[in-house]
Amino acid sequence: MITNSVFVLSKNGKILKPTTPVRARILQSQGKAKKLNLFPFTLILESMVDENVEPYLELRIDPGSKITGFSLVDLNKNEVIWAMELEHRGLAIKMEMLTRAGVRRSRRSRRLRYRKKRFERKKPQGWLPPSLRHRLLTTETWIKRLLKVTPIKSIAIESVKFDLQKMETPNIEGIEYQQGTLFGYTLREVLLEHWGRECVYCGKTNVPLQIEHINPRSLGGSDRFSNLTLSCEKCNQKKGNKPVEQFLKNKGEILQKIKAHQKKSLSDAATVNSTRKAIFEMAQQFGLPVMSGDGASTKMIRIKSGLPKLHWIDSACVGTSEIVKLRICQPLRATCTGHGTRLVQRMNAKGFPAIASIKKNPMTGKKEVKLVAKNQKYTHATAGDYVVCTLLKDRKHVRWGIYRARVKTPTPKGVEVLINGHRISLDRRHVKLIHQSDGYEYSFTTIDQDLLRFSAI
Ligand SMILES: [Zn+2]
């Protein structure tokens with residue numbers, strides 16, 4: 001068993017047990033079921049069956065800053081039957097907000113009509129910056145989508161990654177530190193994440209790193225998180241009891257970097273936690289029991305189960321105390337692409353309407369004005385739709401045949417699609433819609449079988 005389970009609905013739209021891809025194919029070829037949705041793959045049965053299904057799955061979620069892992073686990077066997085990685089676009093949103101701020105700034109100095117000042121604009125309680133809110137909303141969307149097609153009994157979410165309270169006064173001495181209990185684990189993890197998994201002094205990676213006091217304890221340095229970093233054994237020995245300023249006398253750059261990082265210290269961890277908590281609270285609205293897990297126990301279960309560190313596998317280990325088994329190794333990958341823009345008129349770099357793009361002709365060196373095409377009449381397909389298209393004869397770069405592709409632009413006669421990076425224009429008779437554009441790009445990630453050789457597939 002390699003691929004994700006297939007979701008099944010009854011003829012009346014009631015949720016049934018997910019099935020295996022093999023059985024799904026048989027059902028389809030015998031005409032007993034039809035495809036309802038491609039991503040996530042869902043079938044609807046053509047005949048009547050027993051519709052009483054006890055919910056037996058747990059939806060486990062591991063919210064991350066760039067990727068959120070989802071997995072559906074069969075609670076009877078603690079076995080993953082479906083998984084997905086949701087790739088966020090927080091950075092893209094942040095950049096767009098910055099562009100907008102820049103345009104607004106330039107508008108302020110322009111001679112425009114007088115606008116009243118707007119005072120006391122408070123942010124409502126629970127406000128999250130747009131890039132983080134997007135994470136909350138897309139996660140909510142996917143919980144809703146899965147609840148519509150799978151018998152989910154409960155939800156488990158990793159809600160806290162680092163325990164800030166404990167980190168404020170970490171007692172890293174003694175048995176706890178040396179034997180690496182759960183707590184020592186957490187502290188190490190935070191430091192690794194915070195300092196980029198490398199020795200701060202020489203930048204070496206893939207070597208055992210030791211917890212290091214920036215300001216040595218013998219000179220009154222504290223055990224607080226902000227005074228801790230990671231270094232390789234060599235550097236740790238070399239630094240000894242010297243203060244950083246003296247140790248890095250000739251390496252001002254590194255010293256500056258460390259100082260800047262020290263300042264950032266806890267705010268990073270705090271943002272991670274605030275979004276995670278918001279996601280946890282959001283999940284309460286569905287009327288299902290919601291369990292919370294913490295990062296350290298997730299990691300412990302994953303290591304106990306002998307599984308590699310991947311987002312979807314991490315999610316499968318959330319909120320459980322038993323060993324997790326995998327039945328799949330090819331999760332769905334959904335990348336947030338957004339729905340394009342609501343602008344009627346695109347703007348140029350200076351914030352003015354871009355009606356025409358002016359480009360230098362590389363041959364003559366002269367500036368040429370190229371008019372941007374106006375909105376064309378839309379056909380049944382819109383940009384971003386997944387289609388199956390038939391090429392009856394060879395095109396310039398693409399052989400004839402049947403292809404799955406995404407619509408680039410709708411044209412008056414049909415669509416333009418991208419096949420292997422080439423724009424191919426097609427008549428609408430040769431195009432069949434299979435999945436409407438919904439703000440995500442889908443693919444499958446296959447992981448190395450060797451990585452999973454320890455686990456029972
Ligand atoms: Zn080093």
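1. The axes of helix α2 (residues 90-108) and helix α3 (residues 130-149) come within 8 Å of each other and cross at roughly 140 degrees. The crossing of these two helices, α2 and α3, is right-handed. The model under review is a predicted one, and the remarks that follow should be read accordingly.

2. Which residues bring α2 and α3 together? On the α2 side they are G90, I93, K94 and M97, and these meet P130, S131, L132, H134 and R135 of α3. Sorted by class, the contact of α2 with α3 comprises four nonpolar, three polar and two charged residues. As background to the numbering of such contacts, residues three or four places apart in an α-helix point the same way, because there are 3.6 residues a turn.

3. How many of the residues of α2 are buried? The count is zero among its 19 residues, and the helix is thus hardly covered.

4. Turning to the sheets, five strands form an open sheet in the order β18-β17-β16-β15-β19, and the pairing is antiparallel. Strands β18 (422-427) and β19 (431-435) stand at the edges; each has a single partner strand, so one side of each is left without a neighbour in the sheet. From one strand to the next, the twist in this sheet averages 45 degrees.

5. Strand β15 (residues 386-391) pairs with β19 in the antiparallel sense over four bridges. In this pairing, Y386 stands opposite H435 in β19.

6. A further open sheet has three strands in the order β1-β3-β2, and here the pairing is mixed. Why does one side of β1 and of β2 lack a neighbour in the sheet? Both β1 (7-9) and β2 (33-37) stand at the edges with a single partner strand each, so one side of each is left without a neighbour.

Note on methods
Residues numbered from 1 in each chain as written. Predicted model: local features only at pLDDT ≥ 70, side-chain atom pairs only at ≥ 80, totals over all residues. Pairing = 2+ DSSP bridges. Axes fitted to C-alpha atoms, helices over the stretch in contact; angles between N-to-C directions. Buried ≥ 20, exposed ≤ 12 C-beta atoms within 10 Å, placed from the backbone. Left-handed = near helix turned anticlockwise from the far one by under 90°. Contact = placed C-beta atoms within 7 Å. Nonpolar A, V, L, I, M, F, W, Y, C, P; charged D, E, K, R; others polar.
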